[in-house]
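Subject: Handover of a structure

Dear colleague,

Please find below the structure that I am handing over to you.

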Amino acid sequence: MSDSKKPARNSTRRSNGLIVLFSVLVAWTLLIAIGSFHTQASTDFRRPLIVIACMSVFLGGWALALRTRQSR
């Protein structure tokens, strides 16, 4: 009976860690996007959009890979 509860607790702990990691990466992306907008060269609005889009593709692919692995 105790064996069936252990994986659920580990899964919850792993899930919380991933949520924290994803949140930190999103915050870091926003910081880089803001920094790319406020450069001395120009304040082109497309720069932060490119940063956010690239990180979104990366995090989306990573989340998809984790979901695919979890479903197995």
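Which residues form a nonpolar patch on the surface? They are Val26, Leu30 and Ile52, which together have about 220 Å² of accessible area. Accessible areas come from the Shrake-Rupley method with a 1.4 Å probe, and for residues only the protein chains shown count as cover. Patches are made of residues with over 30% relative accessible area and no salt bridge, like charges being joined within 9 Å and nonpolar side chains (Val, Leu, Ile, Met, Phe, Trp, Tyr) within 5 Å. A salt bridge is a side-chain nitrogen of Lys or Arg within 4 Å of a carboxyl oxygen of Asp or Glu.

Please note that this is a predicted model, in which local features need pLDDT of at least 70 and side-chain atom pairs count only at pLDDT 80 or more, while totals for chains, interfaces and linings use all residues. Residues are numbered from 1 along each chain as its sequence is written, and side-chain values use heavy atoms, with hydrogens and water left out.

The chain has 2 helices and 0 strands; helices (H or I, at least four residues) and strands (E, at least two) are DSSP runs, numbered from the N terminus. Of its 72 residues, 10% count as buried, where buried means under 20% relative accessible area, exposed over 50%, and partly exposed in between (1.4 Å probe, protein chains only).

The buried residues of H2 are Pro48, Met55 and Leu59. In the loop between helix H1 (2–37) and H2 one finds Phe45, which counts as exposed at 55% relative accessibility.

The structure also holds 2 aromatic pairs. Rings of Phe, Tyr and Trp (its six-membered ring) pair if their centres lie within 6.5 Å; planes under 30 degrees apart count as stacked, over 60 as edge-to-face and the rest as tilted. The pair of Phe22 and Trp62 is stacked, because the ring centres are 5.0 Å apart and the planes stand at 20°. Since Phe22 lies in helix H1 and Trp62 in helix H2, this pair ties together parts that are 40 residues apart in sequence. Phe58 and Trp62 form a tilted pair, with 5.9 Å from centre to centre and 35° between the planes. Both of these residues lie in helix H2, 4 residues apart, about one turn of the helix. Phe22, Phe58 and Trp62 form one aromatic cluster.

Yours sincerely
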